[in-house]
Amino acid sequence: MLSSEVVFLLDVDNTLLDNDRFGAELGARLEQSFGAAERKRYWEIFEDLRARFGFADYLGSLQTFRAGLDDDPRLLEIADFLLEFPFSQLLFPGALAAIAHLRSLGRPVVLSDGDVVFQPRKIRHAGIWDAVAGAVLIYLHKQKVLDHVERRYPASRYVVVDDKPNLLADMKLVLRDRLTTVFVRQGHYALAPGSNAVQPSPDRVIERIGEITTLNLSDFEVRA
């Protein structure tokens with residue numbers, strides 16, 4: 001199998017960058033501006049929207065959060081905080097080096113869940129967009145649209161790198177032997193109770209995204 005026939009599907013949040021830290025910094029900023037009760041209200045709105053629509057909607061949550069605060073100029077400051085956040089500072093060590101290494105083995109492609117405004121902006125600000133040369137796919141439920149992924153980036157073999165073992169298992173059930181799943185044990189989803197009990201289990205487990213730079217095609221169960 002030629003390396004050009006391999007597509008590496010890379011998650012973003014808590015795989016390439018520390019989204020838990022972003023959430024903590026946003027929460028601290030909300031409390032500083034509006035107080036603990038309003039910070040709690042924002043996250044309640046956030047979780048409600050995520051339960052209804054299936055993805056993290058920071059901007060939509062802020063739109064709903066503004067109810068009763070329409071004349072407060074600090075809302076604009078929070079909006080600016082979200083849109084101009086320096087996500088490059090949240091990249092995990094070795095994240096961009098990992099992408100560069102995968103480019104030498106095949107085609108790295110970002111495959112992320114999220115909205116079509118904030119998520120691509122985050123990816124651009126982090127430097128990930130340029131690192132994958134614009135090969136970015138964003139869906140509401142990426143594990144349900146692997147046929148779309150295959151049409152956009154056809155390959156004989158896929159490797160998916162993600163911090164959510166349940167998503168890895170769902171994808172494995174669809175692509176089966178054509179897919180190698182790599183579980184990155186970073187972030188609260190990866191460390192949650194039961195994360196190691198998901199079936200089918202990941203094909204490979206790494207502790208940090210930077211470990212990707214030490215792997216070759218055979219480590220991803222791909223013949224050179």
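1. A pocket, as the word is used here, is an open set of grid points with protein on both sides within 12 Å along at least five of seven lines, and its lining residues have an atom within 4 Å of a point. The model is predicted.

2. The largest pocket holds about 630 Å³ of space. Its lining comprises 28 residues, and those nearest the pocket centre are Asp13, Arg50, Ala56, Lys164 and Tyr189. Two or more lining residues come from each of α1 (19–34), α2 (36–53), β2 (107–113), α9 and α10 (187–190). Sorted by class, the lining has 11 polar, 9 nonpolar and 8 charged residues.

3. The second largest pocket has a volume of about 190 Å³. Leu59, Leu62, Gln63, Arg66, Asp70, Asp72, Leu75, Leu76 and Ala79 line this pocket. Here α3 (58–65) and α4 (74–83) are the elements that give two or more residues. The lining of the second largest pocket divides into 5 nonpolar, 3 charged and 1 polar.

4. On the nonpolar side, the largest core has 72 residues, and Phe22, Phe65, Ile128, Ile209 and Phe220 touch the most other members. Strand β1 (residues 6–10) supplies the largest share of this core, 5 residues. Nonpolar side chains tend to be buried together in soluble globular proteins.

5. What does Ile209 touch, leaving aside its neighbours within four places in sequence? The contacts of Ile209 are Thr15, Leu16, Phe92, Pro93, Ala95, Ala98, Val161, Val184 and Gln186.

6. Ala169 sits in helix α9 (residues 165–175). Is Ala169 buried or exposed? Its relative accessible area is 3%, so Ala169 is buried, the cut-off being under 20%. Not counting residues up to four places away in sequence, Ala169 touches Val198, Gln199 and Pro200. Ala169 and Leu105 are 64 residues apart along the chain, and their C-alpha atoms are separated by 24 Å.

7. Thr181 belongs to strand β5 (residues 179–184). Thr181 counts as buried because its relative accessibility is 1%. Beyond its neighbours within four places in sequence, Thr181 is in contact with Val160, Leu168, Lys172, Ser201, Pro202, Asp203 and Arg204.

Technical notes
Residues numbered from 1 in each chain as written. Predicted model: local features only at pLDDT ≥ 70, side-chain atom pairs only at ≥ 80, totals over all residues. Heavy atoms only, no water. Helix = DSSP H or I, 4+ residues; strand = E, 2+ residues; numbered from the N terminus. Buried < 20%, exposed > 50% of the residue type's maximum accessible area, 1.4 Å probe, protein only. Contact = heavy atoms within 4.5 Å. Core = buried A, V, L, I, M, F, W, Y, C linked by side-chain atoms within 4.5 Å. 1 Å grid on protein atoms, 1.4 Å probe; cavity = no way out; pocket = protein on both sides within 12 Å on 5 of 7 lines; lining within 4 Å. Points joined across faces, edges and corners; volume = space filled by probe spheres on them. Nonpolar A, V, L, I, M, F, W, Y, C, P; charged D, E, K, R; others polar.
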